[in-house]
Structures are given as structure tokens and as C-alpha cells.
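Please look over the sequence and the model before reading on.

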Amino acid sequence: MTIDDDPGSQELAFDEPSAPHRRRFGRRGPGAGSMSRTRMAGFTGLGCLALFGLMQVVPYGRTHSNPPVTGEPRWASTETRDLAVRACYDCHSNETNYPWYSNVAPVSWLTQNHIDEGRSKLNFSEFATNPGEAEEAVEVLAEGEMPPNYYTWFGLHGASKLTEDEKLQLIAGLKATPGFTEGGGRGSDDGD
Ligand code: HEC
């Protein structure tokens with residue numbers, strides 16, 4: 001079948017009244033019209049592959065940096081820390097575990113973006129100097145907003161999924177850890 005048989009190309013010409021001579025795939029010269037669908041599909045496929053290849057060259061998201069740990073919270077217990085490590089540390093610490101697919105664009109870009117954003121809001125590894133939005137931690141946990149649900153899609157990060165009991169345990173642990181409740185005993189807040 002040639003492209004001329006395709007009623008769709010007629011429609012396309014209608015959609016672009018300002019450039020009626022421009023048809024699909026920029027066909028101009030004579031002869032080009034006989035390109036078969038299969039060949040076009042082949043070119044499109046090659047184009048996608050080339051694009052995919054180019055995406056891998058973009059430096060963003062490839063560094064997988066884990067800056068130094070400068071000061072963790074004064075955890076109420078090691079259990080609390082362990083739970084936080086499991087459920088939160090990939091995005092809220094400088095001890096991120098980067099899975100293999102985080103090497104592959106565009107997933108690597110999304111991962112990097114979530115980690116950058118997560119760290120900027122709350123970074124357990126730099127807690128001593130910047131508690132960020134730690135005071136929200138109990139709330140987002142209780143409301144089930146964190147960890148974000150996309151994190152465990154496709155059965156990924158299974159270990160980060162907390163049972164209801166573990167969630168309550170983490171909430172209690174955070175509440176007992178200085179800095180995670182309002183005015184929470186960091187000592188530097190208003191009048192305590
Ligand atoms: C997959 C990455 C990821 C994981 C895992 C994760 N977070 Fe987040 N977190 C984010 C991102 C991204 C943001 C900023 C954007 C937003 O608010 O949705 C954020 C924001 C926050 C905030 C700031 C308040 C807010 O709603 O913006 C708090 C507090 C927080 N997270 C706590 C936690 C806690 C506690 C855990 C573990 C139980 C956790 N997060 C697990 C990615 C993550």
C-alpha cells in the first residue's frame with residue numbers, strides 16, 4: 001500500500017491550511033510518495049532507537065551522587081532509624097541506593113528529580129544542620145502520602161513498604177526523636 005491510498009493524508013492536508021503543500025513526513029519531491037508503510041515504520045523505529053541512544057548521553061541523572069553524611073537526627077532508637085532507612089532513605093538521605101534502571105534515561109531523569117526534590121524537603125543525612133520539613137514527616141506518614149505510591153509500583157522497592165504496625169512504630173519513633181514534632185525539642189526553637 002502506498003501513502004496515496006491512505007485517506008488520512010487527505011485529512012492532514014486539511015488541518016494545515018497555511019501550508020497545504022506540506023504533507024506527512026515532509027514529502028516534497030516526486031517519487032517520495034511511493035515509500036511503503038513498512039519502510040516508514042522502519043525509519044520511525046530507527047528514529048526512536050537513535051533518540052533513545054541520544055537520551056543516554058544526557059549527563060543529568062547519571063552522576064548518582066551521594067554527598068557526605070553530615071549529621072543524622074538523634075534517633076530515638078535504632079529500630080526507628082532502620083524503618084526510616086527502609087521507607088525513606090532512597091529519596092531523603094545521602095545514602096541513596098540507585099537501582100540498575102536508574103541508569104537508563106528517561107527513568108534516570110525522573111529518579112534524579114525525585115531524589116533532588118526529596119532531599120531538598122527533608123534530608124536525614126544533613127538533619128543536624130537543616131531539618132527541612134521534618135515537622136511534616138509524621139503527618140505525611142500517617143496520611144499515607146509518603147513514601148509516594150509510585151515508589152512501589154511494579155513490585156519495586158518491596159522492602160520499603162511498611163506494614164500498618166511498622167508505620168505506627170515509625171510514627172512513634174519519629175515523635176520520640178528530637179526535631180520531628182512541632183517545636184520538637186531541637187532546643188533552638190521558640191522559648192524552650
Ligand atoms: C520515591 C522517593 C521518596 C520516598 C521513598 C519518600 N519520599 Fe518524601 N518526598 C519525596 C518527594 C519527591 C517530595 C517532594 C514533593 C512532594 O511533596 O510530593 C517529598 C516530600 C516529603 C516531605 C515534605 C512535605 C511534603 O509533603 O512535601 C516530607 C516530610 C517527606 N517527604 C517525608 C517522607 C518520609 C517520612 C518518608 C518515608 C516514610 C518519605 N518521605 C519517603 C520523595 C520520596
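The sections below treat the chain, its helices, the shell around the ligand and some backbone features.

## Basis of the description

Residues are numbered from 1 along each chain as its sequence is written. The model is predicted: local features need pLDDT of at least 70, side-chain atom pairs count only at pLDDT 80 or more, and totals for chains, interfaces and linings use all residues.

## The chain as a whole

The chain has six helices and zero strands, and its pattern along the sequence is α-α-α-α-α-α. Helices (H or I, at least four residues) and strands (E, at least two) are DSSP runs, numbered from the N terminus.

Of the 192 residues of the chain, 19% count as buried. A residue is buried if 20 or more other C-beta atoms lie within 10 Å of its own, exposed if 12 or fewer, and partly exposed in between, with C-beta atoms placed from the backbone. Among the contacts in the chain with a separation of 6 or more, 70% come from residues 24 or more positions apart. Two residues are in contact if their C-beta atoms, placed from the backbone, lie within 7 Å.

## The shell around the ligand

The ligand is surrounded by 20 residues, of which the closest are Cys 88, Cys 91, Gly 118, Met 146 and Pro 147. The elements that give two or more residues to this shell are α3 (78-92), α4 (107-121) and α5 (137-142). A residue is near a molecule or strand if its C-beta atom, placed from the backbone, lies within 6 Å of it.

With five residues, α3 gives the most to the shell. By class, the shell has 11 nonpolar, three polar and six charged residues. Here Ala, Val, Leu, Ile, Met, Phe, Trp, Tyr, Cys and Pro count as nonpolar, Asp, Glu, Lys and Arg as charged, and the others, Gly among them, as polar.

## Helix α3

Although α3 has 15 residues, its end C-alpha atoms are only 17 Å apart, short of the 21 Å that a straight helix would reach at 1.5 Å a residue. The expected span of a helix is 1.5 Å times one less than its number of residues. α3 bends by about 55° at Arg 86, where the bend is the angle between axes fitted to the seven residues ending there and the seven starting there.

The buried residues of α3 include Cys 88 and Cys 91, both of which are among the closest to the ligand.

α4 has 15 residues and reaches 21 Å from its first C-alpha to its last, close to the 21 Å expected at 1.5 Å a residue. Its buried residues are Ser 108, Thr 111, Gln 112, Ile 115, Gly 118 and Arg 119. Seen down the axis of α4, these residues fall within an arc of 135°, so they line one face of the helix; the arc is that of the directions from the helix axis to the C-beta atoms. The face turned away from the buried side of α4 carries the exposed residues Asn 113, Asp 116, Glu 117 and Ser 120. What covers the buried residues of α4 includes α3.

In α6, the buried residues are Leu 170, Gly 173 and Leu 174. Seen down the axis of α6, they fall within an arc of 95°, so they line one face of the helix. The exposed residues Glu 164 and Asp 165 are on the face of α6 turned away from its buried side, while the cover of the buried residues of α6 includes α3 and α5.

## Backbone features in the loops

Most residues other than glycine have a negative phi, and most peptide bonds are trans. The peptide bond from Ala 105 to Pro 106 is cis, with omega near 5°, and Pro 106 lies in the loop between α3 and α4. A cis peptide bond also joins Met 146 and Pro 147, with omega about -10°. Pro 147 belongs to the loop between α5 and α6.

The loop between α5 and α6 also holds Phe 154, which has a positive phi of about 55° although it is not a glycine. Phe 154 is exposed, with 6 other C-beta atoms within 10 Å. His 157 lies in the loop between α5 and α6 and has a positive phi near 50°. His 157 is partly exposed, with 17 other C-beta atoms within 10 Å.
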